[in-house]
Amino acid sequence: MSLKSGLRTGLTAAAAMAVFAVPAFAQEAAEAAAPEFASAAETAFIFNTLLFLIGGFLVMFMAAGFAMLEVGMVRSKNVSMQCLKNVALYSIAGIMFWVVGYSLMYTDVNGYFGTPLPYGWPDAGVANEGDYSVASDWFFQMVFCAATASIVSGTVAERVKLWPFLIFTAILTGILYPISGSWQWGGGWLSEAGFSDFAGSTIVHSVGGWAALAGAIIIGARKGKYSADGKVNPIPGSSMPLATLGTFILWLGWFGFNGASQLAMGSNGDVSDISRIFANTNLAAAGGVVAAIILTQVMYKKIDVTMALNGALAGLVSITAEPLMPSPLAAILIGAVGGVIVVFAVPMLDKFKIDDVVGAIPVHLLAGIWGTLVVPVTNPAASFGTQILGIVAFGVFTFVLSGIVWFILKMTVGIRPTEEEEMNGLDMTEVGVEAYPEFTKA
């Protein structure tokens with residue numbers, strides 16, 4: 001064989017070896033570079049944590065909804081005050097829920113309350129144990145606490161001084177709400193009795209409503225709201241567009257409020273249930289709006305936009321106690337009854353001279369009671385007796401203790417501005433920055 005032909009044969013053999021070797025080398029390289037997939041448990045942990053975080057920031061956005069609803073329902077001379085109250089109460093609630101609230105509600109609950117200590121979570125970079133991250137759960141529970149205080153803000157608007165209100169907020173979010181919440185969500189005595197409140201028609205909304213009712217009674221009505229002869233003088237709000245915007249923001253946030261209360265998103269069944277909760281939540285709100293529109297048209301020959309807005313919110317509160325089990329028709333009817341409650345309850349409160357600026361007592365307290373009471377109709381695991389027991393327990397505890405706090409504040413620091421200050425508006429007397437300076441001066 002010549003040198004030339006030998007060289008050619010050698011090169012051919014080497015090329016063939018290289019060709020056949022490439023797949024083997026490629027397979028080894030692919031195996032070495034293949035990603036390490038998370039286990040089923042880790043995947044569930046990730047999705048559960050995401051549920052809490054996404055649901056949490058949706059509920060946090062409800063703070064903006066409450067603020068816009070309230071500034072639309074008050075007069076222009078009190079708009080800045082409501083803005084300040086809402087950003088302040090959210091901040092105070094967040095701090096108080098870390099200082100004492102979360103532990104009081106969830107840590108080592110003895111049946112009636114937990115441990116009154118600051119709460120903590122694992123250090124950075126440390127893998128959390130359990131089904132979701134510790135901080136995500138704290139964040140999700142904290143925004144619920146802040147929502148409770150927002151309910152009070154709207155009811156007592158236009159005639160309460162800032163600092164007494166913020167003191168009350170600190171006590172409500174740091175002590176009162178966590179103690180009563182521990183009875184059910186902390187595994188306390190009501191949980192053991194079989195009380196059922198999926199996302200907080202009573203635990204959040206009625207508690208806020210009871211605290212608001214106590215405040216409205218002790219503070220009294222706005223000047224000029226009720227005449228000596230018993231006549232009710234309507235006080236229109238400053239902006240229906242802002243009130244409508246606030247309602248839609250709250251409606252959006254409610255998907256996090258109810259949906260994330262499933263507390264798990266790591267399986268097909270959990271995600272399917274969350275989807276069902278979303279659908280029922282939306283249907284209940286729609287039912288509340290339609291019922292309020294029809295009823296006001298029949299009763300007053302005109303449709304009151306504020307009733308329609310509160311009808312939506314009442315429908316949402318009504319379905320919150322059990323948003324998973326109802327059929328679509330049942331969800332609509334549950335929400336519709338909430339809308340009816342609002343239409344009848346607003347004038348009823350006026351008869352008792354209870355001045356509720358935004359209608360929070362009918363929406364959150366009364367519709368919350370209705371939503372909690374109707375749970376056994378769609379959830380056979382609940383009973384009417386236990387539901388009534390829970391409603392009464394939360395109501396007595398919150399109303400009595402809130403009334404005591406409001407009364408002490410009234411007797412010590414004072415809770416109401418002077419008549420002249422109230423007439424001038426709290427933007428000028430309490431805040432110093434008017435929302436609409438050109439308009440109010442004109």
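Mentor: A residue is called exposed when its relative accessible area is over 50%, buried when that value is under 20%, and partly exposed in between. The model is predicted. With those cut-offs, take D108, in the loop between α3 (79-106) and α4 (134-155). Its relative accessible area is 63%, so D108 counts as exposed. The backbone of D108 also deserves a look: its phi is near 50 degrees, a positive value in a residue other than glycine.

L263 sits in the loop between α8 (240-259) and α9 (268-300). Its relative accessibility is 40%, so L263 counts as partly exposed.

Now turn to L190, which belongs to helix α6 (residues 189-193). Is L190 buried or exposed? With a relative accessible area of 0%, L190 is buried. Which residues does L190 touch, once its neighbours within four places in sequence are left aside? The contacts are W183, Q184, F195, L389, G390, A393 and F394. For a sense of distance, compare L190 with E421: 231 residues separate them in sequence, and their C-alpha atoms are 45 Å apart in space.

Two cysteines can be sorted with the cut-offs above. C83 has a relative accessible area of 34% and is partly exposed. C145, at 0% relative accessibility, is buried. The count of disulfides in the model is 0.

These residues belong to a chain with 17 helices and 0 strands. The radius of gyration of the chain is 28 Å, well over the 22 Å that the globule rule gives for 442 residues, so the chain is more spread out than a compact globule. Its C-alpha atoms fill a box of roughly 125 × 55 × 50 Å along the principal axes.

Of the 442 residues, 52% count as buried. Among contacts between residues at least 6 apart in sequence, 78% join residues at least 24 apart. The accessible surface of the chain is about 19,400 Å², and 71% of that area belongs to carbon and sulfur atoms.

Conventions
Residues are numbered from 1 along each chain as its sequence is written. This is a predicted model: local features need pLDDT of at least 70, side-chain atom pairs count only at pLDDT 80 or more; totals for chains, interfaces and linings use all residues. Side-chain values use heavy atoms; hydrogens and water are left out. Helices (H or I, at least four residues) and strands (E, at least two) are DSSP runs, numbered from the N terminus. The radius of gyration is taken over C-alpha atoms; the globule rule is 2.2 Å times the number of residues to the power 0.38. Buried means under 20% relative accessible area, exposed over 50%, partly exposed in between (1.4 Å probe, protein chains only). Contact means heavy atoms within 4.5 Å. Accessible areas come from the Shrake-Rupley method with a 1.4 Å probe; for residues, only the protein chains shown count as cover. A disulfide is a pair of cysteine sulfur atoms within 2.5 Å.
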